[in-house]
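Please examine the structure shown below. The report that follows describes selected side chains and their surroundings.

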Amino acid sequence: MNADSSIATNICCLHIAYDRLNKMKSPPKSDASGVSRRGSIGQWAPKPQDVVVALKLLVLRGQWLPYAELGKQLRRSQCEAHAAVKRLLVAKLVTNIKGEIRPINVALKLFIYHGAPYAFPPVRGK
């Protein structure tokens, strides 16, 4: 196989991949709670504010606040507070025990120390 046919094969593969990408479903949508979904597999995307909500739940030590009060204390809307808790439940950083949302301390500690720096890398300002 010579270099010209190899290049032609690569270009052909790129065109096929591009066509497949164009035929895929529409861009990611969000449900009513604002939980974003990536791709067609339905994976939820965490947000940095979710860590703040998880830490607030940790500080509350099992005391539950209504979403409106939780959002007010964190300077977020009630909807944003609810969506953050929903994403935390999916990520298994908090749990719902008999209607009470409680942080899973071990999972949260591991995520803060080892996961957050990779999930939310710092971006230098200009």
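## Contacts of glutamine 49

In this predicted model, glutamine 49 touches Arg76, Glu80 and Arg87, leaving aside residues up to four places away in sequence. Glutamine 49 lies in helix 2.

Is glutamine 49 buried or exposed? Its relative accessibility is 17%. Because buried means under 20% relative accessible area, glutamine 49 counts as buried.

How many salt bridges does a search of the whole structure find? The search finds two. One of them joins arginine 87 to aspartate 50, and the closest N and O atoms of this pair are 2.8 Å apart.

This pair links distant parts of the chain. Arginine 87 belongs to helix 4, which covers residues 78-90, while aspartate 50 belongs to helix 2, which covers residues 48-60. The two residues are 37 residues apart. Both arginine 87 and aspartate 50 are buried. Arginine 87 is also one of the residues that glutamine 49 touches.

## The salt bridge of arginine 102

Arginine 102 forms a salt bridge with glutamate 100. Here the closest N and O atoms are 2.6 Å apart.

Where do these two residues stand in terms of accessibility? Arginine 102 has a relative accessible area of 33%, and glutamate 100 has one of 34%.

Conventions. Residues numbered from 1 in each chain as written. Predicted model: local features only at pLDDT ≥ 70, side-chain atom pairs only at ≥ 80, totals over all residues. Heavy atoms only, no water. Salt bridge = Lys/Arg side-chain N within 4 Å of Asp/Glu carboxyl O. Helix = DSSP H or I, 4+ residues; strand = E, 2+ residues; numbered from the N terminus. Buried < 20%, exposed > 50% of the residue type's maximum accessible area, 1.4 Å probe, protein only. Contact = heavy atoms within 4.5 Å.
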